[in-house]
Each structure stands twice: as C-alpha cells, then as structure tokens.
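Reader: I'd like a close look at one part of this complex rather than a tour of the whole thing. Can you take me through it?

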Amino acid sequence: MSGHECPRIDDAAGYVLRALPESEWEAFRYHLGECHDCTEKVDELTFVSHAMLNAVPQLSAPPEIRDRVMSVVRAESALLRLAGAGADRPEPAKPSRRFGFGGLRPLSAGALATVLIVLGLGAGLLVRDDGPSCTTRSGSVERSVGSRATAQLKVCDGSARLALAGMKAPPKGRIYELWLDDPSDRQGPKAAGLFSVRNGRASVDVGELKGRTTVLVTHEPLPNGSEVPTRTPIVKAST
Amino acid sequence: MQLVRRGEAPAFEVVYERHSSAAFSLAYRMCGTRSAAEDVVQEAFLSLWRSGARYDRARGSVRTWVLGIVHNRAIDSLRRSVVHDRRRASDEGIEERFEARDRTDVEVARLDEAQEIRQALTTLPVEQSRVIELAYFGGFTQTEIASMLDTPIGTVKGRMRLGLEKMRSQLGGLREVMP
C-alpha cells in the first residue's frame, strides 16, 4: 500500500467490533491476509475492543449457572477419563487408506448414508482386518449429526471400541448414550454408558459384547441419560 | 489451561470461578435480561470447556479470551432474536440482587480500568460513542445502525473508526490487569 491508505481501512473498526455483516466480516478477514495497512489498523483497534470487554458494571453470576455448567463439565470429564487419554485426539492421517464416508464425494456419501440408514446396515461394511483376532467395520451415521460423520466398530476378542469422527455435539440438555442390541432379544437395547465428543471425535470403550451384535447411539437427556432409548438411533454399527 | 485442555474438571472450575462474574456482567449488559444472559454464559463456558485447546496465550489473557467468546455468543444471541431492540426493558432490580460484593485487589484494579474505559467512551463526540455502543454492546451491524440513525453507511464507518482511534490514544497507558 505504498503511499496510499487501503480503501477498505474503514472496515477495520467494524471488523473488531463485529459490526460487519457476516459475509463481509469473513471477506475482510480474508483481506487481512493480504493487506498490511488493514492488519496494522486491526491490531491497533483490537486493543480498544478488548479493553471494552471490561467496561461494564460488574455483577455476580447467579449460582445456578455454575451448577448447570459444572454438572455437564464433570460428566464429560468423567466420560473422557473412561474413554482414555487419547479419546479426543485426532487420529493420524492415513491418506492411502480412507474408510467410511469421509473420502467419498458428497453425493455418493449422502446416497450411501441414506441407503445404510434405510436398510439398517444389518451386517455393516467390513473395512479392514486388524490382526488375527480383530476386525473393524464401518457403521451408519445419520447425517443430521454431521454430514461427514463416520463410525467404526473395532472388535477384538469379543470386546469392542466405537470410534466416531465428524460428530456434532448433542442438542442442548442432552448427552450421547451407547446401547448394545441383539435383534433376537425381545427386551430391546441395553444401556452401555454415556459419552461425549470433543472436537467431533470420541473413542468409546464398548466392553465385552456378550453375544450382542449391534451397537447403537442415541442422544438422551442430561445428566443420567435413559434406561431405554427415547430417540431413533443416530449411529448403528454391527459386528 | 493445560489441565483444562486435558479435560480436568477442577481446573475448569477455577477458570469458571475466576471469570464467570465478568462474563455474566458482559452478557447481561448486552442481552438485557437475566435469562438470556444466563444462556449466553452457559453456552460460552461449555464452548470454552470443549475447545480449551484453542486458547493462545500469545493473543491475550484467559480473561480476554473468555470475554471475547461471551461477546461473540451474545451477538449471536441478539442477532437470532426477532425483536432487535429487546434489552433496556431489563429485569427490574437485577443490578441490586447480583451486584458483586467482595473485591480483591485485582478486582479493584479492574474497576479502575473499567472506569477509565467508560470515561474514554464518554469523552467521544456523542455521534461516535453512539455507533460504537450500538455495535459493541447492541450487536447491531453497521448497515442496521445506518438505517436506525438515518445516516449514510460511510459516515457510520468513519465515526466508528475515528471513535476507536481516539479511545486508543486515550487508553494508551492502559495495561491489561492480570490474571
């Protein structure tokens, strides 16, 4: 910008105050990557916008908010511990071996998801063999929980782990619940624990299958979930 | 914050205790009702809990990070609401019922800082402070403000920039109160 100010520099104030319409805000953010003047101006004005965060009369937060927030946090922290330290870490990229819906074109993924859901994916899709006693199968995931969400059920010596990726958080006031099902059992699915997703991922220890062949996921009310599923499963994976 | 990143609930509770009142104060100032402010604070802290890894110390204090998220959530909430000039008809007496009581040295320093910032805002020409307040605390876009004030959008943009630049020079000696 040698000699002349960038014509978009007036938008810097609207940007730091978040007063630009969303599309313009995004466009200006992109513009910042290529404009030194505007970047410098944003840096200068951000100081003021940060300072203004503190410029309001101070009140005490009602204790009810703390109770609500911390009950969710404690539940999710406990579940995270149960799921293991690496539960919310992204898996290393495996470009040469893509499984599930992630590597498909949108239309194909959508069509496949629909077919899998309609058919119930009775047997699942065997995607790889992880050694002499382990198999991994992909499950079906309802698209409402993530357009590119994937589910993989790994079974080793009768015990299973469900790996989910690309999942949205459950709706407000609800938590994901795991179920074990056997189509031949008239009593229906058995509750197998609650879990949360972090950064769209979860690695859930299903435990011993004990003859059950299908793992389901629904979202149920916080804080304790339900004894029987109250919603249509959003994930279904079979051994 | 490293413990929060690792999913430690007690560590998060410390963050909550330290910043929840400031978060509620900001949300209430923006939303104008207790219930909306509570929703904003709850959403913001759960979002913080689930995205602790995104905190970047180089970009400011935890407090600024927390309040920045509250500010964004409050704007989202305001823009979702059908009636945009909803606040002002605030919950009666909430300021008295929830006025912060005990003040530590850090809080006293923050009160002084807040006073200085408010002072800087009030010394601006009224047309500049008005557009800044409507945008920052009201969640209105420049286009909406131009329409409300029946003023060309270019004028609104110019006033916003000039106002912030004046505040920047007035607040030049201000340093963020840690933690």
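Author: Residues are numbered from 1 along each chain as its sequence is written, while chains are lettered from A and ligands numbered from 1 in the order in which they are written.

Now for the chain itself. Chain B has 9 helices and 0 strands (DSSP runs numbered from the N terminus: H or I over at least four residues for helices, E over at least two for strands). Of its 179 residues, 37% are buried (20 or more other C-beta atoms within 10 Å; 12 or fewer is exposed, in between is partly exposed).

Your close-up starts with helix α2 (residues 9-31) of chain B and helix α3 (residues 34-50) of chain B: they pack at an angle of about 140 degrees, their axes 9 Å apart. The axes are lines fitted to C-alpha atoms over the stretch in contact, with angles from 0 to 180 degrees between N-to-C directions. That makes α2(B) and α3(B) oblique to each other (under 35 degrees is roughly parallel, over 145 roughly antiparallel, 65 to 115 roughly perpendicular, the rest oblique). Who does the touching? On α2(B), the residues include Phe12(B), Tyr16(B), Phe24(B) and Tyr28(B); on α3(B), Val40(B), Val41(B), Phe45(B) and Trp49(B) are among them. By class, that contact has 14 nonpolar, 1 polar and 1 charged residues (Ala, Val, Leu, Ile, Met, Phe, Trp, Tyr, Cys and Pro are nonpolar; Asp, Glu, Lys and Arg charged; the others, Gly among them, polar).

Next along is helix α4 (residues 62-80) of chain B, which packs with α3(B) at about 130 degrees, again with axes 9 Å apart. So α3(B) is oblique to α4(B) too. Here Asp39(B), Glu43(B) and Leu48(B) are among the α3(B) residues that meet α4(B), whose own side includes Val66(B), Ile69(B) and Arg73(B).

How far can you trust the picture? Chain B has a mean pLDDT of 79, with 74% of its residues at 70 or more (pLDDT is the predictor's confidence in each residue, from 0 to 100). Within the chain, confidence is lowest in helix α5 (residues 94-97) of chain B, at a mean of 49, and highest in helix α9 (residues 153-170) of chain B, at 93. Residues 82-92 of chain B stay under 50, and the model has 12 contacts for them beyond four places in sequence. Where pLDDT is low, the predicted coordinates should not be read in detail.

As for the partner, 56 residues of chain B are in contact with 39 residues of chain A. On the chain A side, α4(A) gives the most, with 10 residues. The predictor gives the complex an ipTM of 0.77 and a pTM of 0.57.

Note on methods. This is a predicted model: local features need pLDDT of at least 70, side-chain atom pairs count only at pLDDT 80 or more; totals for chains, interfaces and linings use all residues. Two residues are in contact if their C-beta atoms, placed from the backbone, lie within 7 Å.
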